[in-house]
There are 2 protein chains.
Amino acid sequence: MDPTLTITDCKVVDLRFPTSEEAHGSDAMHSDPDYSAAYVVLTTNQSDLTGFGLTFTLGRGTDLCVGAIEQLAEKIVGKQLSTLVESFSETVHQLANDSQLRWLGPEKGVVHLATAALLNAVWDLWARAEGKPLWKLVCDLTPEELLRCINFSYLSNALTKEQALEILQANEATKAVREAELLETGFPAYTTSAGWLGYSDDLIRRLCREALADGWEHFKLKVGANLEDDRRRAAIIREVIGPDRKLMVDANQRWEVAEAIEWVKSLAEFNLWWVEEPTSPDDAVGHAEIARAIAPIGVATGEQCQNRVMFKQLLQLNAISFCQIDSCRIGSVNEILGVLLMAKRFGVPVCPHAGGVGLCEYVNHLVMIDYIAVGASLENRVAEFVDHLHEHFVYPVEVKRGHYMPPQAPGYSAEIHTASLDDYRYPDGVEWQKRLSK
Amino acid sequence: MDPTLTITDCKVVDLRFPTSEEAHGSDAMHSDPDYSAAYVVLTTNQSDLTGFGLTFTLGRGTDLCVGAIEQLAEKIVGKQLSTLVESFSETVHQLANDSQLRWLGPEKGVVHLATAALLNAVWDLWARAEGKPLWKLVCDLTPEELLRCINFSYLSNALTKEQALEILQANEATKAVREAELLETGFPAYTTSAGWLGYSDDLIRRLCREALADGWEHFKLKVGANLEDDRRRAAIIREVIGPDRKLMVDANQRWEVAEAIEWVKSLAEFNLWWVEEPTSPDDAVGHAEIARAIAPIGVATGEQCQNRVMFKQLLQLNAISFCQIDSCRIGSVNEILGVLLMAKRFGVPVCPHAGGVGLCEYVNHLVMIDYIAVGASLENRVAEFVDHLHEHFVYPVEVKRGHYMPPQAPGYSAEIHTASLDDYRYPDGVEWQKRLSK
């Protein structure tokens with residue numbers, strides 16, 4: 001990397017897709033999501049190098065994330081990229097511990113979503129500067145180099161730097177084998193496209209059949225609004241997919257702890273693999289109580305898990321059987337690496353959350369990193385895939401026969417077509433002006 | 001209350017005091033706090049009735065809270081106050097579960113701080129409409145009426161509505177006795193004014209002596225930056241206050257779990273009553289580990305405890321000996337009542353966090369409510385008091401001989417003088433224009 005490469009400006013776009021018009025993404029808690037993103041463009045002193053990053057949002061409030069990114073950007077604009085990434089954990093510390101903004105979190109909510117977007121763009125820029133896809137950049141780092149990128153703060157009672165180093169070193173010799181395997185067959189994915197709460201029974205049946213024909217092996221149903229509806233829909237899916245394929249349900253935090261236990265038991269006859277987000281994402285103790293009661297059905301959570309400290313507790317309390325990291329809610333690769341390492345240490349498979357805007361593009365890199373450098377296993381691993389909105393990305397995710405294929409273009413894959421920005425920028429994009437002027 | 005009383009508008013002010021210029025409020029994590037507030041004014045269809053509320057912030061990012069309040073305000077502007085408060089828990093649910101904004105929390109960070117400000121203003125308006133100080137309004141509700149105000153969601157595995165009702169009913173017969181007692185002697189307070197991290201040894205010694213002379217019995221020292229400094233300062237305070245008065249230390253989240261244990265043990269000889277915020281506010285499991293290791297020194301936390309779900313876990317895991325609710329971080333009286341009731345059920349005294357902007361004014365009401373209607377004990381109870389910025393309030397807190405005295409004016413005491421708004425509104429207030437034009 002050219003050591004003089006310097007970030008000269010940060011532009012942020014409020015980007016919203018009117019997905020609520022077709023009930024895409026509807027679940028027990030989010031009845032009208034407009035899949036959106038606070039989208040970051042880092043320009044540099046080299047006209048051919050730009051960093052792109054985003055955090056995923058649901059419509060209203062995207063402007064708050066944009067505002068937070070603009071304030072945090074002051075800490076990286078004017079800096080050399082080499083300085084930022086050589087002591088990357090210190091860069092992260094500076095962002096997370098702004099002595100005034102910290103009060104608004106710390107490391108959670110709007111400010112942390114903003115941190116994620118900004119750091120995602122820095123990682124993109126770094127990977128582009130090295131001419132590699134992000135996953136390859138990370139996997140080519142030595143264990144010691146990788147360690148310097150990780151946000152370890154507040155983790156030491158579950159994972160020390162020494163323990164992390166041991167995990168990374170143990171994987172070194174076999175990284176090339178796993179990389180070759182991924183390039184050949186990809187990483188297993190599952191689809192959520194069939195089971196949204198707002199869909200009719202007929203639509204669910206048809207989408208399941210289509211997914212089966214496309215080679216999918218795992219199916220997820222949104223539940224939690226009405227038990228009889230859930231039982232009917234679970235029966236439909238189980239009937240279509242047969243007895244052996246995996247069926248998961250997702251309650252999107254709808255339940256109290258005791259209610260979750262009772263509801264899941266009422267669905268157990270449909271042979272569930274996991275129940276996702278059974279209750280408040282903040283309730284590690286509650287998840288542990290649920291996990292004990294519904295075993296062998298596993299508990300999965302993470303898409304709204306606010307940061308590594310909450311993941312740490314979920315793991316310490318044996319509250320989750322599946323760790324669903326989110327690429328845009330926690331502080332980018334720096335924080336995600338710490339969670340991957342903790343999950344490895346606690347023996348819990350990482351099955352990332354995706355969908356939304358750009359989450360599949362991001363997750364594609366993260367599962368490669370986990371398999372090659374950290375988790376080093378495919379057992380019980382499967383990454384979410386939702387086939388929405390990929391057409392807006394310059395380097396859209398590639399899925400073949402139900403598997404994520406390793407991205408080849410340099411960067412972290414979040415660059416969005418200029419035409420899409422012009423159409424869906426809120427509120428002045430073409431598509432929004434059509435709607436708002438009605 | 002007049003049933004036609006209707007909220008007609010919500011104005012929000014970004015208010016910042018340049019307190020960083022004198023190191024007031026400096027601690028291990030916040031080196032340059034500008035004590036600030038997102039300040040809410042709810043106007044109504046009655047010109048003599050207005051609701052005032054705020055959430056406390058530290059400078060940068062206050063604008064984000066202002067923006068979030070403006071978006072949430074759409075849910076209450078145009079509504080009749082009687083409708084909002086008659087099913088107050090439903091009103092809270094509507095605010096907390098906006099299907100798009102919820103993604104940015106849920107119930108944490110900027111959006112939840114905004115919720116607190118808005119609901120604080122609704123409570124103020126209700127109390128003014130009833131012609132009572134807030135504490136009196138709440139304590140005069142029947143247990144059943146009070147129950148309808150409480151946000152119980154996600155609490156049922158620690159506190160059911162039936163258990164809450166039992167607690168409230170058991171206190172009914174003796175409420176008047178405790179109210180009379182508070183009107184006579186007030187609620188015990190402690191001062192943090194002496195021990196800020198940025199203060200010199202001489203200043204600490206002088207402020208401690210002054211506080212002693214004013215009748216204070218509890219003293220708190222900010223620690224965590226340097227152990228030798230902390231030991232020297234703790235020795236100074238212990239020498240000045242003598243062997244029997246209470247000394248607490250506050251690390252403002254500076255430590256890893258093992259580091260906290262070791263550091264506190266190194267200060268134990270100074271006879272500490274509690275250690276406050278030893279590590280990440282999100283780490284209930286870590287706090288429990290610390291609590292087990294440093295007993296009989298107690299763990300205290302809460303000023304950055306994001307919501308009732310986190311307080312629930314701190315209580316379930318026996319992680320805290322003192323529950324430090326914050327009046328502006330969690331969702332106003334509705335959420336605070338749930339925490340007070342859980343603390344009562346788990347036998348943990350509530351010792352609210354205060355200081356900042358308006359926190360003392362709020363806490364003054366909350367400790368009255370806790371003593372009269374919920375906790376019903378003064379054992380190990382003491383509320384923080386910091387003597388800063390009260391001059392900006394129309395109804396400033398009254399402290400006598402180290403005790404908070406019950407407020408008498410109708411409302412929730414957050415109304416700020418118009419002249420103060422004109423001076424400190426950011427960035428166009430007189431005092432900011434002076435500074436920004438330099």
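Reader: In which loop is the place of Pro427(B)?

Author: Pro427(B) sits in the loop between helix H16 (418-424) and helix H17 (430-436) of chain B. The model is predicted, and that applies to every feature below.

Reader: What is the peptide bond from Tyr426(B) to Pro427(B), cis or trans?

Author: Start with the general idea: most peptide bonds are trans. The bond from Tyr426(B) to Pro427(B) is cis, with omega near 0 degrees. Chain A has a cis bond as well, from Ala295(A) to Pro296(A), with omega near 10 degrees. Pro296(A) is found in the loop between helix H12 (284-294) and strand S8 (298-301) of chain A.

Reader: How is a pair of packed helices described?

Author: Two numbers are used: the angle between the axes and the distance between them. In chain A, helix H13 (residues 308-316) and helix H14 (residues 332-346) pack at about 5 degrees, with axes 10 Å apart. Angles under 35 degrees count as roughly parallel, so H13(A) is roughly parallel to H14(A).

Reader: Which residues make that contact?

Author: H13(A) contributes Arg308(A), Phe311(A), Lys312(A), Leu315(A) and Gln316(A), while H14(A) contributes Glu335(A), Val339(A), Met342(A), Ala343(A) and Phe346(A). By type, the residues of the contact are six nonpolar, one polar and three charged.

Reader: At what angle do helices H7 and H15 of chain B cross?

Author: Helix H7 (residues 161-172) and helix H15 (residues 359-374) of chain B cross at roughly 80 degrees, and their axes come within 8 Å. H7(B) and H15(B) are therefore roughly perpendicular to each other. On the H7(B) side the contact has Ile167(B), Leu168(B) and Asn171(B); on the H15(B) side it has Ile372(B), Ala373(B) and Val374(B). Five of these residues are nonpolar, one is polar and none is charged.

Reader: Now a sheet. What is the order of the three strands in chain B?

Author: The order is S1-S2-S3, in an open sheet with antiparallel pairing. Strand S1 (7-16) and strand S3 (50-57) of chain B are at the edges with a single partner strand each, so one side of each has no neighbour in the sheet. On average, neighbouring strands are turned by 15 degrees against each other, direction ignored.

Reader: How many bridges join S1(B) to S2(B)?

Author: Nine bridges join S1(B) to strand S2 (residues 36-44) of chain B, and the two run antiparallel. To find your place along the pair, note that Asp9(B) stands opposite Thr43(B) in S2(B). Helix H1 (residues 62-72) of chain B lies across S1, S2 and S3 of that chain, at about 175 degrees to S1(B).

Reader: Last, what is the volume of the largest pocket?

Author: The largest pocket has a volume of about 630 Å³. Of its 33 lining residues, the closest to the centre are Glu256(A), His93(B), Asn97(B), Asn151(B) and Ser153(B).

Reader: Which helix gives the most to the lining?

Author: H3(B) does, with five residues. Helix H11 (257-267) of chain A and helix H3 (88-96) of chain B each supply at least two residues of the lining. The lining as a whole divides into 11 nonpolar, 12 polar and 10 charged residues.

Technical notes
Residues numbered from 1 in each chain as written. Chains lettered and ligands numbered in written order. Predicted model: local features only at pLDDT ≥ 70, side-chain atom pairs only at ≥ 80, totals over all residues. Heavy atoms only, no water. Pairing = 2+ DSSP bridges. Helix = DSSP H or I, 4+ residues; strand = E, 2+ residues; numbered from the N terminus. Axes fitted to C-alpha atoms, helices over the stretch in contact; angles between N-to-C directions. Contact = heavy atoms within 4.5 Å. Parallel < 35°, antiparallel > 145°, perpendicular 65-115°, else oblique. Nonpolar A, V, L, I, M, F, W, Y, C, P; charged D, E, K, R; others polar. 1 Å grid on protein atoms, 1.4 Å probe; cavity = no way out; pocket = protein on both sides within 12 Å on 5 of 7 lines; lining within 4 Å. Points joined across faces, edges and corners; volume = space filled by probe spheres on them.
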